[in-house]
Amino acid sequence: MDALRFIDKPLTWGHAGLMVLMAVAVLAVVIVFVTYAIYFERKVIGWMQFRKGPNRTGPLGLLQTVADVSKLLLKEDTIPAKADRGLFILAPVLAFIPSFLVLAFIPYSKGLQFADLNVGFLYYVALSGISTIAIVIAGWASNNKYSLLGGMRSAAQMISYEVPLVISVVGCVMLAGSLNLNDIVVAQSGYFWHWNFLPQIVGFAVFVVAAISELNRTPFDLPEAESELVAGYHVEYSGFRFAFFMLSEYVYVFAIASLTTLLFLGGWHPPIPQLDFIPGIIWFILKFAFIVFCLFWIRATLPRLRVDQLMGLAWKVLLPLSILNIFITAACIELFGMGG
């Protein structure tokens, strides 16, 4: 698998061709994930609400999402007469491209990744910020009051929650002595109590809450609150442009579930070393699937927060906790010799 890492090698046509093929393969995997993540989410929420969920299109309803996406792609592409046409067209593209680019640095198992970056997590934060700009542009360009309110809410929410999100990971970086995701995973090798979710339980809790907010998912779905803003920033979008926004949202679910697995759940390491004979990618997928299930579970059970509660939680609770976590981690490293 070392052939997938070209950082320290001159780029040849063969390497470039392989990289393009791998990019297409990852895009295909992501599209399949998004298709059946939506199906699984609807099924899980249906079961939790004593409903069947999708069960008509295809065996067990497995083709329901395919039918929904086909319908979206065949719909008429409408642009409001008084919208800012250029920005209106740009926003969905600007939302999707960064969501796909963040997948380049994620190590799915030892050696299986596109780019081994020394500042991998910061790369994610920088790119996800571009999607925030895309949502604000969509809200402004639509020339609709509900879209504008959704865009402004998104700007306030995502910028506010990025601060505790980044700071909550500092404890993991201190324990590993590196911002490189591979090094952070290696630092968690051994038994499951070496995984960061236990020694970094405060940082883990802050990270999970802030990550759900960054995804704009319930209970933090203020930017697209259907009961208040009709659909928020994408209320004027239809057809494939609307599909682009939905695609980018679920690609970020993929990215956040992967990051949570790598930063706090030991990445591709088994819970006990005796299970090393099972391939690392299998452990990664199992942990990844658990995180995705928890995101769906939260959506099915928690009500939406008010705007004042949302902002208060970020600045009055999560930010102080994430800073406190840094001091506690530093004290433990100094007193007990924790970390690398």
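Q: Is Thr260 buried or exposed?

A: Buried means under 20% relative accessible area, exposed over 50%, and partly exposed in between, with a 1.4 Å probe and protein chains only. Thr260 has a relative accessible area of 4%, so it is buried. This is a predicted model, in which local features need pLDDT of at least 70 and side-chain atom pairs count only at pLDDT 80 or more, while totals for chains, interfaces and linings use all residues. Residues are numbered from 1 along each chain as its sequence is written, and side-chain values use heavy atoms, with hydrogens and water left out.

Q: Which residues is Thr260 in contact with, leaving aside its neighbours within four places in sequence?

A: Contact means heavy atoms within 4.5 Å. Under that rule Thr260 touches Phe204, Phe207, Leu265 and Ile291. Thr260 itself sits in helix 9; helices (H or I, at least four residues) are DSSP runs, numbered from the N terminus. Ile291 is one of the buried residues of helix 10.

Q: How do the axes of helix 3 and helix 9 cross?

A: Axes are lines fitted to C-alpha atoms over the stretch in contact, and angles run from 0 to 180 degrees between N-to-C directions. Helix 3 (residues 85-101) and helix 9 (residues 239-264) have axes that come within 8 Å and cross at roughly 25°. Helix 3 is therefore roughly parallel to helix 9, the class for angles under 35 degrees.

Q: Which residues of helix 3 and helix 9 meet?

A: Among them are Phe88, Ile89 and Phe96 in helix 3, and Phe244, Leu247 and Val251 in helix 9.

Key. Helices (H or I, at least four residues) and strands (E, at least two) are DSSP runs, numbered from the N terminus. Angles under 35 degrees count as roughly parallel, over 145 as roughly antiparallel, 65 to 115 as roughly perpendicular and the rest as oblique.
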